[in-house]
Amino acid sequence: MPKELENVMTNHFEKKHLIALMCIVFLTIVVWNLPTDVFHINGLTVIHQRIIAIFVFATLMWISEAIPSWATSLGIIALMCLTVSNHSLFFFKAEENEIFGKLLSSEEIMATFANPVIILFLGGFFLAIAATKSGLDVLLAKNLIRPFGRKSENVLLGFLLITGIFSMFVSNTATAAMMLTFLTPVFAALPASGKGRTALTMSIPIAANLGGMATPIGTPPNAIALQALNDPKGLNMGIDANTVALVPMGVFAATGVITAKDLQSINWSVIWMVAGGFALGLGINDSGLAKLAIDTIPFGSWSPIIVLIASGFICYLLSNFISNTAAAALLIPILVTICQGMGDRLGEIGGTSTVLIGIALAASSAMCLPISTPPNAIAYSTGLVKQNDMLKMGLIVGIISMIIGYLVLFLVGEMHFLN
């Protein structure tokens with residue numbers, strides 16, 4: 001490509017992003033300063049409105065990519081600390097009351113950088129680095145994929161099946177991190193151009209997300225739903241996966257398998273991107289905005305089937321933008337309250353269990369963006385998957401997954417297998 005043409009295209013690209021950025025900032029300021037009556041949410045406070053504006057900013061930035069996704073996440077955390085936390089800038093502070101609302105804890109906002117899922121992320125990265133350095137990834141790739149032959153379609157099927165099965169018994173995040181390391185030797189046999197590498201890379205998060213639906217430990221939303229359906233003291237499921245993730249980190253660091261130089265190969269921008277999703281979920285949940293918004297919708301007068309479908313649809317939309325774990329964490333407690341208020345009316349669809357399991361299914365079906373789920377973020381970090389590709393494939397697979405999952409869930413609920 002001629003240098004002049006390349007410069008023109010680059011300038012056009014930068015100009016397009018600059019215009020998008022300016023429009024998003026303008027819209028955010030408008031939402032920030034609208035009269036609270038416009039939202040038609042009873043009890044909406046100034047803090048709530050600021051969080052809504054930050055949510056609008058985050059959603060549009062993640063979709064448009066006017067700035068990198070990780071930069072958007074850092075912007076979310078910075079905005080929340082500066083405008084809605086107990087350590088906000090003085091001109092954003094006021095006396096906490098029914099009009100202004102309650103300020104969030106800046107320590108809790110900052111703690112999203114060390115969220116347990118983030119630690120699980122790092123554990124997966126440590127395993128991936130160790131596997132690559134030792135050659136284990138090549139060995140496992142050859143032995144696991146060998147039965148599927150050399151045809152590209154069969155190799156793709158092999159990765160889908162193996163990843164899906166592993167995700168049932170190992171967390172989908174850890175599985176995705178592990179399986180993506182196996183792609184390196186496979187790529188060596190593929191042409192540098194073409195869609196083969198993209199298809200194989202995308203197969204990992206899709207299979208991990210779908211496979212993780214099958215068991216309580218497969219994906220965090222499942223664990224959150226199970227915790228709400230059972231007495232946590234009675235579960236005793238031992239040391240959680242996030243704590244286990246610390247084991248390889250400590251062992252590999254202490255034994256020198258992973259060095260300080262190796263840490264530079266970790267895509268920290270992905271870690272920050274996910275942290276931004278958790279921070280946004282924290283703001284929506286801890287401020288009471290989520291409960292306030294859903295309480296405004298008259299779920300009590302709706303039929304159980306509408307509650308089941310509507311809650312799943314809301315969860316699916318939300319999970320695409322603030323990570324499925326965060327969405328499940330903020331919606332499931334609210335749905336528990338709604339279900340309790342409906343009493344025996346939910347009996348016709350199988351009770352509270354059907355609704356909460358539906359939330360877990362909907363959360364795991366959301367895979368349109370890198371922020372939607374950790375396996376997506378890991379796949380995106382390879383640089384082999386574009387956000388548009390992930391959006392198209394995520395929509396297709398997610399909608400099919402939702403339809404099949406909810407049909408099965410409804411039939412199982414009708415037969416009262418979940419009671």
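Me: How many salt bridges does a search of the whole structure find?
Reply: The search finds one salt bridge. Please note that this is a predicted model.

Me: Which residue pairs with Lys133 in that salt bridge?
Reply: Lys133 is paired with Asp262, and their closest N and O atoms are 2.8 Å apart.

Me: Is Asp262 buried or exposed?
Reply: Asp262 has a relative accessibility of 14% and therefore counts as buried, the cut-off being under 20%.

Me: And Lys133, what does that one count as?
Reply: Lys133 counts as partly exposed, because its relative accessibility is 47%, and that class lies between 20% and 50%.

Me: Turning to helix α5, which residues make it up?
Reply: Helix α5 consists of residues 116-134, which is 19 residues.

Me: What span should it have, and what is found?
Reply: At 1.5 Å a residue, α5 should span 27 Å; the C-alpha atoms at its ends are 27 Å apart, so the two values agree.

Me: How many of the residues of α5 are buried?
Reply: Of its 19 residues, 14 are buried, so α5 is mostly covered.

Me: What follows α5?
Reply: Gly135 follows α5, and the phi of Gly135 is positive, near 85°.

Me: Now the whole chain: how many helices and strands are there?
Reply: The protein chain has 22 helices and zero strands.

Me: What share of the residues counts as buried?
Reply: The chain has 419 residues, and 47% of them count as buried.

Conventions
Residues are numbered from 1 along each chain as its sequence is written. This is a predicted model: local features need pLDDT of at least 70, side-chain atom pairs count only at pLDDT 80 or more; totals for chains, interfaces and linings use all residues. Side-chain values use heavy atoms; hydrogens and water are left out. Helices (H or I, at least four residues) and strands (E, at least two) are DSSP runs, numbered from the N terminus. Buried means under 20% relative accessible area, exposed over 50%, partly exposed in between (1.4 Å probe, protein chains only). The expected span of a helix is 1.5 Å times one less than its number of residues. A salt bridge is a side-chain nitrogen of Lys or Arg within 4 Å of a carboxyl oxygen of Asp or Glu.
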